[in-house]
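Biologist: Good morning. Could you take me through the strands of this protein, one step at a time?

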Amino acid sequence: QVQLVESGGGLVQAGESLRLSCAASGSGLSMLNMGWYRQAPGKQRELVATITSGGSTNYADSVKGRFTISRDNPKKTVSLQMNSLKPEDTGVYYCHADVWFIVGSRGDYWGQGTQVTVSS
């Protein structure tokens with residue numbers, strides 16, 4: 001099994017920055033595509049940014065130019081640098097991993113979520 005542990009959320013003012021990190025742990029991991037999603041109150045969970053094991057990235061239009069996703073493959077971590085934060089970025093941010101195992105199976109895993117609150 002895979003565990004994802006997030007850190008770095010908090011309360012900031014509009015225009016400030018935050019950095020989220022997520023560490024994956026587990027045995028028999030072969031490849032991980034990772035990403036960040038968020039869920040605002042009363043809204044559905046939405047994609048923020050993803051990064052493949054090869055380093056290809058994808059961003060929601062609403063965060064392009066402000067957020068940067070990166071990863072450290074040996075450490076099995078993914079980070080999200082969030083700059084120029086806006087009140088509409090407020091929500092619970094979830095780390096996600098799409099995992100291939102050495103034995104050939106595949107799994108889909110979520111972190112517990114970390115709260116990001118941006119005040120105006």
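Modeller: Let us begin with a term: strands are DSSP runs of E with at least two residues, numbered from the N terminus. Please also keep in mind that this is a predicted model.

Biologist: Understood. Which residue has a positive phi in the hairpin of β5 and β6?

Modeller: That residue is G55, with a phi near 100°. The hairpin of β5 and β6 has 5 residues between the strands.

Biologist: And how many bridges are there between β5 and β6?

Modeller: There are 3 bridges, and the pairing of β5 with β6, residues 57-59, is antiparallel. Within this pairing, A49 has Y59 in β6 as its bridge partner.

Biologist: What about β4 and β5, how do they run?

Modeller: Strand β4 covers residues 29-39 and strand β5 covers residues 46-51; they run antiparallel and are joined by 5 bridges. Here G35 lies opposite T50 in β5.

Biologist: Which residue takes a positive phi in the hairpin of β4 and β5?

Modeller: It is G42, whose phi is near 80°. That hairpin has 6 residues between its strands.

Biologist: Let us change topic. In what order do the strands of the open sheet stand?

Modeller: The open sheet has 4 strands in the order β1-β3-β8-β7, and their pairing is antiparallel. β1 (2-7) and β7 (67-72) each have a single partner strand, so one side of each is left without a neighbour in the sheet. Direction ignored, neighbouring strands of this sheet are turned against each other by 15° on average.

Biologist: How many bridges link β1 and β3?

Modeller: β1 pairs with β3, residues 18-26, over 6 bridges in the antiparallel sense.

Biologist: Now the loops. Where is K76 found, and what is its phi?

Modeller: K76 lies in the loop between β7 and β8 (77-82). Its phi is positive, about 55°, although K76 is not a glycine.

Biologist: Why does K76 count as partly exposed?

Modeller: The relative accessibility of K76 is 28%. Partly exposed covers values between the limits for buried, under 20%, and exposed, over 50%, so K76 counts as partly exposed.

Biologist: Finally, where is S84?

Modeller: S84 is in the loop between β8 and β9 (91-101). S84 is a residue other than glycine with a positive phi, near 50°. With a relative accessible area of 38%, S84 is partly exposed.

Terms used. Residues are numbered from 1 along each chain as its sequence is written. This is a predicted model: local features need pLDDT of at least 70, side-chain atom pairs count only at pLDDT 80 or more; totals for chains, interfaces and linings use all residues. Side-chain values use heavy atoms; hydrogens and water are left out. Two strands pair if DSSP finds at least two bridges between them. Axes are lines fitted to C-alpha atoms, for helices over the stretch in contact, and angles run from 0 to 180 degrees between N-to-C directions. Buried means under 20% relative accessible area, exposed over 50%, partly exposed in between (1.4 Å probe, protein chains only).
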